[in-house]
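Subject: Structure handover

Hi,

Here is the structure I promised to pass on.

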Amino acid sequence: MKTIGEKLKGIRKINKLNQIEFSQIIGISQGTLSELEKDKYKPSLS
């Protein structure tokens, strides 16, 4: 099973976006996206 980070990175790559572009689209900072993709940060369900 893929992690949330792996899924986010896959979606970003499919759409040919860099982290800055993708983070702006989904409304989070680039640093947070980076940590999510590396599975260093796990968001709450709420």
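Let me start with the charges: the protein carries 9 positive and 5 negative ones, and their mean positions lie 4 Å apart. Lys and Arg count as positive, Asp and Glu as negative, while His and the chain ends are not counted. Each charge is placed at NZ of Lys, CZ of Arg, CG of Asp or CD of Glu.

Before the rest, a word on the source: this is a predicted model, where local features need pLDDT of at least 70, side-chain atom pairs count only at pLDDT 80 or more, and totals for chains, interfaces and linings use all residues. Residues are numbered from 1 along each chain as its sequence is written, and side-chain values use heavy atoms, with hydrogens and water left out.

On the overall fold, the protein has three helices and zero strands, giving the pattern α-α-α along the sequence. Helices (H or I, at least four residues) and strands (E, at least two) are DSSP runs, numbered from the N terminus. The C-alpha trace spans about 25 × 20 × 15 Å along its principal axes. Of the 46 residues, 22% are buried (under 20% relative accessible area; exposed is over 50%, and partly exposed is in between). Among contacts (heavy atoms within 4.5 Å) between residues at least 6 apart in sequence, 34% join residues at least 24 apart.

Now to the helix packing. Helix α1 (residues 4–14) and helix α3 (residues 30–37) pack at about 120°, their axes 7 Å apart. Axes are lines fitted to C-alpha atoms, for helices over the stretch in contact, and angles run from 0 to 180 degrees between N-to-C directions. The two helices, α1 and α3, are therefore oblique to each other (under 35 degrees is roughly parallel, over 145 roughly antiparallel, 65 to 115 roughly perpendicular, and the rest oblique). On the α1 side, G5, L8, K9 and R12 meet L33, L36 and E37 of α3.

Two backbone angles may interest you as well. At 76% relative accessibility, K16 counts as exposed. D39, in the segment after α3, is also a non-glycine residue with a positive phi, near 60°. With a relative accessible area of 27%, D39 is partly exposed.

Best wishes

Note on methods
Buried means under 20% relative accessible area, exposed over 50%, partly exposed in between (1.4 Å probe, protein chains only).
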